[in-house]
Amino acid sequence: MSWSPQQDQALSAVDAWLKDPHGPQVFYLAGFAGTGKTTLAKHLSEGVSGLVLFGAFTGKAALVLQRKGCIGASTIHSMIYKPKRRAGGLVEFVLDYDCAVRAASLVVIDEVSMVDEKLGRDLLSFGVKVLVLGDPAQLPPVNGEGFFTAREPDIMLTEVHRQARDNPIIRMSMDVREGRELPFGTYGTSKIITMRDVDRAEVLNAEQILVGLNKSRQLYNQRVRTLRGYSGVRPHVGERLVCLKNRANKGLLNGGLWTVLDHLDEEVADHFEMILDPADAGAVKQAVAVSVHTFFFQGRDKELHYTELRRTEQFDFGYALTVHKSQGSQWGDVYLFDESQAFRSDGRKHLYTAITRAAERITIARAA
């Protein structure tokens with residue numbers, strides 16, 4: 001395969017890092033969408049003597065890695081933690097000191113901006129070299145995330161290769177990143193439409209709905225629930241929820257998607273007790289029991305005292321997500337209600353991040 005001069009430089013730099021036993025444990029390879037970060041990492045891994053593991057923060061991102069030929073790609077969580085049954089049958093996730101990472105020569109982590117300090121330090125505790133891949137053109141991470149990306153990259157890829165330029169989604173992301181406007185119209189199987197042209201069936205059939213503002217997220221979640229025949233505040237069996245805060249000992253990661261599997265019988269006045277099944281939870285595929293304060297499903301969680309927040313898991317309906325919450329994941333078919341103008345100086349990063357969450361198709365609905 002032929003490489004550009006910039007890609008050759010990246011390959012040489014990472015190769016030198018890999019061969020230096022006294023060098024830093026982490027190498028940060030950054031690049032815009034379409035610059036070939038994953039392709040380069042996969043090529044480098046083929047020359048490594050020993051086991052190479054590929055991972056990502058969420059299950060969706062790990063699946064994208066698998067589709068790109070990174071065999072066995074998994075979530076970071078499932079790489080390094082294992083479920084341990086406690087008294088009373090409760091399951092807790094603990095660091096697995098005998099996991100495959102311990103014997104690996106290299107770990108490659110994609111979509112790394114969502115990795116927080118706790119998860120990052122646990123990964124590094126095995127002493128294995130870690131190559132992390134990220135995209136600085138995306139929105140900056142929130143709530144203490146970005147453990148690996150809170151510094152300048154070791155190498156920054158800026159040249160989008162020719163094959164990627166033919167991908168309409170990459171082309172759209174380039175136009176946004178470089179300051180060009182995206183007119184209404186079609187872009188391959190993707191399209192940009194006015195709000196009056198929104199098709200209800202297309203919205204419901206999309207793999208994921210994205211919005212900008214939290215109040216919009218709550219509004220669209222309720223609309224989708226109504227259209228799907230759900231009523232009331234309590235999540236029904238089969239509904240999709242999103243985790244709002246990490247709780248690693250339970251395998252709960254911020255932004256992970258779950259499905260309500262069952263309700264528990266306990267009568268707790270201000271909490272919903274549920275069994276959840278991971279849909280894209282960034283964790284071991286294990287159902288988990290959670291207790292969630294009712295205020296989270298009423299848009300009233302800001303009213304909770306911090307002592308109450310400490311004793312509740314944090315979930316809300318997950319049909320619509322904010323673009324911020326979607327970081328680290330990717331879906332085949334995304335429907336975006338574009339509110340990037342609300343983010344002022346970060347507006348372009350917001351739209352760029354939203355577009356690059358789509359692997360195959362995106363519909364962008366915005367005001368005319």
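**Pocket and core**

Analyst: Helix 2 gives the largest share of the lining of the largest pocket, 5 residues. Keep in mind that this is a predicted model.

User: Which other elements supply at least two residues of that lining?

Analyst: Besides helix 2, they are helix 3 (59–67), strand 7 (130–134), helix 6 (162–165), helix 7 (168–177) and strand 19 (358–366).

User: How many residues line the largest pocket, and which lie nearest its centre?

Analyst: The lining has 46 residues, and Ala33, Gly34, Lys37, Thr38 and Lys68 lie nearest the centre. By class, 19 are nonpolar, 16 polar and 11 charged.

User: And how much space is in there?

Analyst: The largest pocket holds about 1,000 Å³.

User: Back to helix 2. Which of its residues are buried?

Analyst: In helix 2 (residues 37–45), the buried ones are Lys37, Thr38, Leu40, Ala41, Leu44 and Ser45.

User: Why are they on the same side of helix 2?

Analyst: Because they cover an arc of only 160° around the axis. As a rule, an α-helix has 3.6 residues a turn, so residues three or four places apart point the same way.

User: Now the largest nonpolar core. Which members touch the most others?

Analyst: Met274, Leu276, Phe315 and Ile355, out of 59 residues in that core.

User: What is Ile355 in contact with, leaving aside neighbours within four places in sequence?

Analyst: Ile355 is in contact with Ile169, Met172, Ser173, Val176, Leu182, Ile362 and Ile364. Another core, of 28 residues, lies apart from the largest one, and its members include Phe57, Ala104, Val128 and Leu253.

Key:
Residues are numbered from 1 along each chain as its sequence is written. This is a predicted model: local features need pLDDT of at least 70, side-chain atom pairs count only at pLDDT 80 or more; totals for chains, interfaces and linings use all residues. Side-chain values use heavy atoms; hydrogens and water are left out. Buried means under 20% relative accessible area, exposed over 50%, partly exposed in between (1.4 Å probe, protein chains only). Helices (H or I, at least four residues) and strands (E, at least two) are DSSP runs, numbered from the N terminus. The arc is that of the directions from the helix axis to the C-beta atoms. A nonpolar core is a set of buried Ala, Val, Leu, Ile, Met, Phe, Trp, Tyr and Cys residues joined through side-chain atoms within 4.5 Å. Contact means heavy atoms within 4.5 Å. On a 1 Å grid over the protein atoms alone, a cavity is a set of points where a 1.4 Å probe fits but cannot get out, and a pocket is an open set with protein on both sides within 12 Å along at least five of seven lines; lining residues have an atom within 4 Å of a point. Grid points are joined across faces, edges and corners, and a volume is the space filled by probe spheres set on the points. Ala, Val, Leu, Ile, Met, Phe, Trp, Tyr, Cys and Pro count as nonpolar, Asp, Glu, Lys and Arg as charged, and the others, Gly among them, as polar.
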